[in-house]
Amino acid sequence: MDSVAGVKPAGPSLVLLAVVSGLSPFAMAILLPLLPGLVAQFDSDYATVQFVVSAYLLGLAVAQPVAGFLCDLVGRRPVVLIGMGLFVVTSIACAFAESLSTLIVLRFLQSVGVSTGTVASRAVIRDTHDAAVGARAMSYLTVGLGLAPVAAPMLGGWLYLAGGVRFVFAATAVAGCVVWALLWLRLPETRPPELPRPRLRAWLTSYGQLLQSRVFMGYTLVFGFIQGTFFAFLAVGAAVFETSFGMGPAAFGVVWGGMAISYVLGAVIGGSLSAGRHAPLLLPTGMMATLVLGVSIPVMTSLYGVTPLTVLPQMFVLMTLSGAVTPVVMAGAVYHHPEAAGTSAGLSSALGMVVGTSFTVWSGAVFTGDFAPIAGIIGVASSLTFISWLMVRSAASADANATALRAR
C-alpha cells in the first residue's frame with residue numbers, strides 16, 4: 001500500500017465503480033417521468049413538484065465536498081458504505097411519504113447518501129491507478145455517468161406504469177441494496193495509510209487552495225461547461241422535436257438514446273487514446289472541435305433554419321467529444337492534488353455538476369418554443385469550455401516554466 005514507493009493498492013472492479021458513480025444521476029433522472037403523477041398524487045402544481053428534483057441537486061452540491069473531506073479523513077470504504085445505506089433507507093421512506101414536503105426533504109437526504117459513491121469512486125481510482133492510466137480508468141465512470149440519466153427515465157416510466165410511484169422508489173431501494181452488498185464484498189480500503197489525516201482547518205485551507213488553482217478550476221470548468229452543451233439541449237429537447245422538427249416523443253427517445261451511445265463511444269475512444277502516443281493531442285483537438293461545433297449550431301440555424309440537419313449532427317459529435325475528454329479532465333482535477341484525492345474529487349464533482357445543470361435551468365427559463373436562444377446557450381457553453389481549457393494550458397505552462405527556473 002506504499003504509494004510513495006510506487007506500489008498502488010488493489011482496487012475493485014472498474015465496472016463496479018462505474019455503477020456506483022452512475023447511481024447518483026440514475027436516481028435523479030428516474031423520477032422525471034413521475035412528475036405529472038406526483039402533481040396528481042399530492043394535489044399540487046408542477047412548479048412545486050419540481051422541488052423534488054431541485055432538492056436532490058442541492059443535496060449533491062452540498063454533500064459532495066463534505067464527502068470528499070470524509071473520504072480523506074476516515075477512508076473511502078466507510079464513507080461510501082454509510083452513504084449508500086442512507087440512500088437505501090431514504091429510498092424506502094420516499095415510497096411511503098405522505099406529503100410533498102416530506103418527499104422533498106427525503107430526496108435531499110437521498111442525494112446526500114448517494115453522492116458518496118461519485119466522490120469515493122474517483123478517489124479510489126486515484127488511489128489505485130497511476131496518472132498515466134488514470135484517464136483510461138476514469139472512462140469507465142464516464143460510461144456510467146452517461147448511460148444512467150438516459151436509461152433511468154425510460155425505466156422509471158415502465159416501473160410507474162407497472163406499479164406507481166412507490167414501485168419506482170422501491171426499485172431504487174433494491175438497486176441501492178445490491179450496490180451496497182457489492183461494495184461490502186468487493187471494495188477494500190484504498191486510502192494510502194501514509195497520507196496525513198486532514199483537520200477541519202486544513203480542509204478549509206485545501207478548498208481555498210483548490211479554488212485558487214487554475215489547473216484544478218480549469219479542468220473542473222471544462223467538465224461542467226462541456227456537460228452544459230448537451231444539458232442545454234436535453235432540457236427542452238422533447239419540445240424542440242415536437243415544435244421545430246415535427247417529431248414526437250418516440251423519435252426524441254430514439255435520438256437521445258443514440259446520443260447516449262455516442263457519449264459512451266467517446267468515453268471508450270478517449271480512454272483508449274489517453275494512455276497512448278496520441279494522448280497529448282486528445283484534449284487540444286477535442287477542445288477546438290467543441291468550440292467549432294458548438295458555435296456552428298447558432299450560426300447554422302440562423303442561416304438555414306431549425307431543422308434536424310442543422311442541429312443533430314453537431315449534437316451527436318458534441319456528445320462523442322464530451323465522452324472522450326471527460327475522463328481526461330476528471331483525472332486532471334484529481335491527480336493535480338494527490339495528497340487530497342477525496343477532497344479534490346468531491347469539490348470538482350460538485351462544481352462540475354452545478355455548472356452543467358445550470359444550463360438545464362437556463363434553457364428551461366428562456367425557452368418559449370423558439371430554438372434560437374437554446375442554440376445561443378449551446379454556443380456559450382462550448383465557448384466557455386474552450387476558455388476553461390486555455391486556463392489549464394496557461395497554468396500548466398506557467399508551472400513548467402517555474403519548475404525549469406528552480407532547476408537552474
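Trainee: What makes valine 325 the site of a kink in helix 14?

Mentor: Helix 14 has a kink of about 35° at valine 325, shortly before proline 327. The bend at a residue is the angle between axes fitted to the seven residues ending there and the seven starting there. One heads-up: this is a predicted model, where local features need pLDDT of at least 70, side-chain atom pairs count only at pLDDT 80 or more, and totals for chains, interfaces and linings use all residues. Also, residues are numbered from 1 along each chain as its sequence is written, and side-chain values use heavy atoms, leaving out hydrogens and water.

Trainee: How do you know that the span of helix 14 agrees with its 28 residues?

Mentor: Helices are DSSP runs (H or I, at least four residues; strands are E, at least two), numbered from the N terminus. The expected span is 1.5 Å times one less than the number of residues. For residues 308–335 that gives 40 Å, and the end C-alpha atoms are 40 Å apart, so the two agree.

Trainee: Why is helix 14 called largely enclosed?

Mentor: Because 22 of its 28 residues are buried. Buried means under 20% relative accessible area, exposed over 50%, and partly exposed in between (1.4 Å probe, protein chains only).

Trainee: Okay, so why is threonine 220 called buried?

Mentor: Its relative accessible area is 1%, so it falls under the 20% limit. Threonine 220 is part of helix 10, residues 214–234. Apart from neighbours within four places in sequence, threonine 220 is in contact (heavy atoms within 4.5 Å) with Ala333, Ser348, Leu351 and Gly352.

Trainee: What is the mean pLDDT of the chain?

Mentor: The mean is 85, and 91% of residues reach 70 or more. pLDDT is the predictor's confidence in each residue, from 0 to 100. Over residues 1–5 it is below 50, though this stretch has 12 contacts beyond near neighbours in sequence. Residues 402–407 stay under 50 too, with zero contacts beyond four places in sequence. Where pLDDT is low, the predicted coordinates should not be read in detail.
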